[in-house]
Amino acid sequence: MEKPLIRFRDKRLQLIWEKVSTAERLTFDDGHTLFQTNDFYALGKMARYVQMVKNGDAVYFSLNQKIEPTNICVLTCKFCNFGVTKYHPRAYELTIDAILKMLNEQVREVHITGALHPEWSFEHYVHIIRAIREHFPRIGIKAFTAVEIWYFHKKFNLSIEEVLKRLQEAGVQALPGGGAEVFSERIHNELFPQKLGAKEWLSIHRTAHLQGLPSNATILYGHIETIEERVNHLLQIRSLQDETGGFLSFIPLAFQPGTTKIKPYAYPTSALDDLKMIAVSRLLLDNVPHIKAYWVMSTEEVASAALNYGADDLEGTVGGERIAHDAGARTPTKLSINRILSLIRDAGKIPVERDIMYNPIAIHSPNVIGKIPYLNSVPFFTKFTSSSFKLLPLIPKQMGILAEKKQLLAGLFPLIEYLRLKSMLLPLPYCLSSRDQVKSVLLFSNEGWKQLEGKKIGVTDATVTSVMLLKVLLRVKYNVNAHIERLPPMMSSYTHYDAVLLIGDQALKHKKDALGYFELIFDLAHEWYEWKRLPFVFALWAIQASATEEEKSALLNTLNESIDYGERNFAKLCGYHAKQLKISEIECIEYLEGFNFRMGQRELASIQEFERCISELITIEH
Ligand code: SF4
């Protein structure tokens, strides 16, 4: 995306913008300045730029159901209006049947958090999860904050690893981000001394990530915290994300004064503060993929505005939230899908219904173009500005799934997906093909090709084309039969694989360290070139065959202009992306120079030859 022109009233932001627009990491002092500034418009524009680079026009939401199984709590945190003692008139306990009745086949994500019940057994919590998994196998389960995990660990004398493992086995797929409050010893001592602190919260999330369980993170702001404490909180989240990469989203939660024991008569946070919190989070958390505008606490209108201040997720329908409402939130307890769609459309964005892992399920907008968010496709998109189309970043394998449902008008399709859907797609004369080495489709291995017979190869879940190329090379070129397994979504160690296939920016990043374990690196495009003396076409542009003539010619014009600019300006494109990938600008330019972006005779011949090899592979495998 092209850098917008921003006129700064606060000149301190000019220096921060230099960093943001070249992907240089912001410091504590930068974060402090961002919270202090009154140049609100410039702050929003910077955050929106980062949001657009990361997520294009997409705003995610889910058809979700919040479940709080009980409000009976052993603790009495000062800021909480939800937890009560067993004999309080508001006390409740939901049975498993009552919980199941709150769900239906339309729900795609259940979000379970609650109070720390003095009498329930750990088995009871596991039963809740298991019952949901058995009755609703399609629903993603996000359950139990670090506060609850810590409570289970202490009360039932189980290690954190064991608690997480048993919940994971029962069906938990991700942890919610609640319970972080503000990472500050002062606030911990003052507001919730009996509850876990920053160290424990971070350690639980670290353990979850290492066990392959992604999570989310929050901050509860707008009470007694200082700007320094806010910035420090954000930087601690960023630092853990550097270590594990396990956070899916960050969710600023606006404090609801209610009748809590702090600020009893205070006003809620201002819209300005809510938007600032979103914008600064987007700018400081450069490694967290999504920032959520939690409408339940900030109001629908502010959440909708936040979609142009850095947020790319609007939570979801929620369905019966109690914790924030017991603390005085005046928002509805749930929203209809139509209301969510209109809040997102009002912000000029594409509503994308997602699952728990942010895979798109449905796109509620016409004329959406799928964009592979890897460096190699950047030349197509830097000048891709057209009022007729909206861009949606997608990992390669999702392109075909959505095009098949007619939810994408066009895009850069992975070759295998194009071949699968070619009766409904019309190819355009642009592609992504490697001249020889591609440098970003790499097999990391401890064995030579011939020695991979019978060995276990882990392959990324993001691609089908590169996996097919690997299979063709193994079986047809080398006559080797290896065992190919999909890698789980989050991997901390690859030591139980004999080889691992990675693609895109992930492969580029690990080219130097070979995942810290492997000795050999094979470039799959180079293997193909050596064998066939042809480039390898990884992806090609195509549009729905049902598109109108106007849509086709508008897309061709936009693409033409964009790639013309992209091909002539590798150096300009590389500044930002090289820094993000921690490679030098020279490496970045050389990498892009290895691609051909236009379909020619040799590319067409290569596609034909690849199709022939796939037929041969099928014959061998049969
Ligand atoms: S914040 Fe959670 S742990 Fe603290 S009193 Fe409320 S429900 Fe209990």
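Start at helix 17, residues 396-404, where Pro396, Gln398, Met399, Gly400, Leu402 and Ala403 are buried. Buried means under 20% relative accessible area, exposed is over 50%, and partly exposed lies in between, with a 1.4 Å probe and protein chains only. Helices are DSSP runs of H or I with at least four residues, strands are runs of E with at least two, and both are numbered from the N terminus.

A word on the source. This is a predicted model, so local features need pLDDT of at least 70, side-chain atom pairs count only at pLDDT 80 or more, and totals for chains, interfaces and linings use all residues. Residues are numbered from 1 along each chain as its sequence is written, and side-chain values use heavy atoms, with hydrogens and water left out.

Back to helix 17. What do its buried residues pack against? The partners are strand 10 (360-363), strand 11 (368-371), strand 13 (410-414), helix 18 (415-420), strand 18 (499-503) and strand 20 (536-544). Contact here means heavy atoms within 4.5 Å. Just after helix 17, Lys406 has a positive phi of about 65°.

Two other residues with positive phi. Tyr358 has a phi near 70° and is not glycine. Tyr358 sits in the loop between strand 9 (350-354) and strand 10. Its relative accessible area is 8%, so Tyr358 is buried. Arg354 lies over the face of Tyr358, 4.3 Å from the ring centre. For a charge to sit over a ring, NZ of Lys or CZ of Arg must be within 6 Å of the ring centre and within 35 degrees of the ring normal. Lys195 also has its charged end over a ring, that of Phe192, at 5.3 Å from the centre. The other positive phi is at Arg533, about 55°, again not a glycine. Arg533 is in the loop between helix 21 (524-532) and strand 20.

How many aromatic pairs does the structure hold? The count is 33. Rings of Phe, Tyr and Trp (its six-membered ring) pair if their centres lie within 6.5 Å; planes under 30 degrees apart are stacked, over 60 edge-to-face, and the rest tilted. Tyr151 and Phe152 make a tilted pair, with 6.5 Å between centres and 50° between planes. Tyr151 and Phe152 are both buried. Phe536 and Phe610 are edge-to-face, at 4.9 Å centre to centre and 85° between the planes. That pair links distant parts of the chain: Phe536 is in strand 20, Phe610 is in helix 25 (residues 601-621), and they are 74 residues apart. Phe536 and Phe610 are both buried. There is also an aromatic cluster made of Phe380, Phe381, Phe384, Phe389, Trp541, Phe570, Tyr591, Phe595 and Phe597.

Next, the cysteines. The structure holds one disulfide. It joins Cys574 to Cys588, S to S 2.3 Å; the cut-off is a pair of cysteine sulfur atoms within 2.5 Å. Why does this link tie together separate parts? Cys574 lies in helix 23 (residues 570-581) and Cys588 in helix 24 (residues 585-593), so the pair connects parts 14 residues apart in sequence. Both Cys574 and Cys588 are buried. Cys613 is in no disulfide, and the nearest cysteine sulfur, that of Cys431, is 18 Å away. Cys613 is buried too, at 0% relative accessible area.

Helix 23 has a packing partner. Its axis and that of helix 22 (residues 549-568) come within 5 Å and cross at roughly 80°. Axes are lines fitted to C-alpha atoms, for helices over the stretch in contact, and angles run from 0 to 180 degrees between N-to-C directions. Under 35 degrees counts as roughly parallel, over 145 as roughly antiparallel, 65 to 115 as roughly perpendicular, and the rest as oblique. Tyr565, Gly566, Glu567 and Arg568 of helix 22 touch Phe570, Lys572 and Leu573 of helix 23.

Last, the other helix pair. Helix 1 (residues 12-20) and helix 3 (residues 40-55) pack at about 5°, axes 11 Å apart. Helix 1 and helix 3 are therefore roughly parallel. Leu13, Ile16, Trp17 and Val20 of helix 1 meet Ala42, Leu43, Met46, Tyr49 and Val50 of helix 3.
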